[in-house]
Amino acid sequence: MEKVRRRIGMGRDQTFSGDTAVVLLSLVVSPIDCTRKLSKHKPKPKPVSHRTAPAAKVTHKPAAPAVKVSRKPAPAAKAHRNYTAASPSTVAYGSRGWLSGGGATYYGATNGDGGEGGACGYQTAVGRLPFSSMIAAGSMPLYRDDEGCGACYEVKCTSNAACSGQPVTIVITGRSPGDLYPGEVAHFDMSGTTMGAMARPGMADKLCAGGMLRVQYRRVQCKYPGVNIAFKVDQGVNPFYFDVLVEFEDDDGDLSAVDLMEAGSSKWTPMAHSWGALWRLNNGKRLSAPFGLRLTSDSGRVLVVSNAIAAGWKPGSTYRPLVNYP
């Protein structure tokens, strides 16, 4: 299919094993297909430097005085249940209203998921539940050198007669290859499905043919009803090197830290950010499974999952504990 911009790879899925179940509240958008091809656009002008929009101030209060949320290492889990978590987040991502200065294009098939691997490592998962093709590659202020992978945004357009003006919720699953267009502070390189979802009924084709759109956007919490956090073990791992993709986190959607606890240990070992949404541990010694994983979200909320990865783990396998951020 013809594209408005260069496409980048976005993601793939895998069969699941391990424990299961969940909580949450989702990205509910009925995708509206764009059904016509676009003629090839002229190369965009060379980007000029722009200031990025200031980061929105957030507040975080624990739901109960007894619960503390901190970026400090959490104590070793002592309870016999499968997980512990901080109290529900009260971060009001949209408290400062809509941000202007955003732009949007789409890539890939006009009614597709836009993905074939990519910068966050989600692979073919972008076209399936819970992402459901409602994804975008973000410019650096959104992608944030991998740290923005999994973050959710509401985006709406009013700059074109075909725009509905109603927001759609999307997930950042890669980096926009051209970064910013002139005059922008943020850019969303959307799937064709996402672009069409912003259109008035019956006007998806016209919106897709509109080229680069001006949009408004705001950060929102991610909600994936009925979907657990997933830990997908990378194909290139071995008993001395562990690398795992973390996906479908509710609430913040993105992570600032991941720690691993080996079987028979009470010590958490920090994992390094490998790339995209993947985290690795390579400390030069054989690792002893099962592994517990401790996740720290963008806002500092901690989720501890014991036995997250089974003792007989295999490269390429996906493990789903019965948890997600509350």
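1. Cys157 and Cys163 are joined by a disulfide, which is counted when a pair of cysteine sulfur atoms lies within 2.5 Å, and here the S to S distance is 2.2 Å. The torsion about this S-S bond is about -115 degrees, so the disulfide of Cys157 and Cys163 is left-handed. Cys157 is buried at 1% relative accessibility, and Cys163 is buried at 3%, where buried means under 20% relative accessible area, with a 1.4 Å probe and protein chains only (exposed is over 50%, partly exposed in between).

2. The model is predicted, so local features need pLDDT of at least 70 and side-chain atom pairs count only at pLDDT 80 or more, whereas totals for chains, interfaces and linings use all residues. Residues are numbered from 1 along each chain as its sequence is written, and side-chain values use heavy atoms, with hydrogens and water left out.

3. A search of the whole structure finds three disulfides. One of them joins Cys120 to Cys149, with an S to S distance of 2.0 Å. This pair links distant parts of the chain, 29 residues apart, with Cys120 in the loop between β4 (99-107) and β5 (123-124) and Cys149 in the loop between α1 (140-143) and β7 (152-157); helices (H or I, at least four residues) and strands (E, at least two) are DSSP runs numbered from the N terminus.

4. Cys152 and Cys222 also form a disulfide, with their sulfur atoms 1.9 Å apart. Cys152 lies in strand β7 and Cys222 in the loop between β10 (213-220) and β11 (230-233), so the pair ties together parts that are 70 residues apart in sequence.
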